Amino acid sequence: MDEFETLPAQASGVCPSEGVCIDTEPECRGEAGWVCQWPQNYEAVESTCDGLDNDCDGVADEDLVNDTLDCKGVGVCRDGEAQCMGASGWKCSWPDTYEETETTCDGLDNDCDSLTDEGLQLPPEIECPQVGVCENGSPFCAGSHGWLCSDVDDYEDVETICDGMDNDCDGFIDEDLEAPDARWMCGGEGVCLEAEVVCMGTGGWRCRMPETHQSQESLCDEKDNDCDGLTDEGCPTGGDEDDDVDESDIEFDTESTETTESETTDPGHLGGSGCGDCRHARISDNSFPFYCLASIVLWLVVWRRRGSRKPAFRV
């Protein structure tokens, strides 16, 4: 057997000096010549994920193929991939949403056990305001919506409804609301154009009408008080407002001549004027039509009482 105190020149460079081969020295195998004494973890082609340069080419764990670990799971792990983590071996690479123990309320199966948002602990920073419609609310996990407060059917992020409630749970009721169009709600005619729409709480939106508004027109003020598009309808067309006639205003001329037989026996003929003998009438405010009516009524009463007698009266 060939024995050498030092390696001859022809043995130099036979064995690689990198990776696991760094301390490998050749030995003479007779007819086989100089042969490297490979370490136990040497691999002619790298195949083991162990953080070592097993093939002594200066690169560790290159071009490896995973054939030992299945990373295709459920939940957020369904797209997992196996990665060589060096000395730690093969490990599954999970997305950022992966959690070994479920802690996040997000509607995901974070720990890949086929259950979603199970066994969560309420974070200390999550609180439900105990005012307004949130008074009886309690926090619960609403999946992708995160933590919400329960029993708040009328809740609004921003108050929009006139209903006498604190819908956004900020301690204020019906604040900063946008009122409906007054023309649409209160009418677009007459004094209604001056109306204001106000929130009356549980009564909803109401119209605050001006003082001149009337449900039925009675003021003679050259305004459309009932908002029907007409002005001062029903007011007298002539004279002053004091032109109303009272029966006490009528004066009878007792010195007038008696009516003729033809005038008193035929109720269809009431004198030459057509409304009784109105020629001798005097009425204090010159309201002639009212006096004519009074004359007719008085004549009929007398005529009925006298029967067949020929009535005669002076007016």
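I begin with a hairpin: 5 residues lie between strand 7 and strand 8, and within this hairpin Gly201 adopts a positive phi near 70°. Strands here are DSSP runs of E with at least two residues, helices are runs of H or I with at least four, and both are numbered from the N terminus.

Before I continue, a note on the basis. This is a predicted model, in which local features need pLDDT of at least 70 and side-chain atom pairs count only at pLDDT 80 or more, while totals for chains, interfaces and linings use all residues. Residues are numbered from 1 along each chain as its sequence is written, and side-chain values use heavy atoms, with hydrogens and water left out.

Which residues make up the largest nonpolar core? There are 6 residues in all: Cys162, Leu177, Cys186, Ala195, Val197 and Trp205. Such a core is a set of buried Ala, Val, Leu, Ile, Met, Phe, Trp, Tyr and Cys residues joined through side-chain atoms within 4.5 Å. Buried denotes under 20% relative accessible area, exposed over 50%, and partly exposed in between, with a 1.4 Å probe and protein chains only. In soluble globular proteins, nonpolar side chains tend to be buried together. Leaving aside residues up to four places away in sequence, Ala195 touches Ala182, Cys186, Arg208, Met209 and Pro210, where contact means heavy atoms within 4.5 Å.

Turning to the whole chain, it has 3 helices and 10 strands, in the order β-β-β-β-β-β-α-β-β-β-α-β-α. Its residues number 315, of which 30% count as buried. Among contacts with a separation of 6 or more, 33% join residues 24 or more positions apart.

Next, the aromatic pairs, of which the structure holds 2. The ring centres of Trp38 and Tyr42 are 4.1 Å apart and their planes are at 10°, so this pair is stacked. The rule takes rings of Phe, Tyr and Trp (its six-membered ring) with centres within 6.5 Å; planes under 30 degrees apart are stacked, over 60 edge-to-face, and the rest tilted. Trp38 is partly exposed at 39% relative accessible area, and Tyr42 is partly exposed at 24%.

Finally, Ser17 lies in the segment before strand 1 (26-28). Ser17 is exposed, with a relative accessible area of 52%. Ser17 and Cys56, 39 residues apart in sequence, are 7.3 Å apart in space, C-alpha to C-alpha.

Conventions
Pairing = 2+ DSSP bridges.
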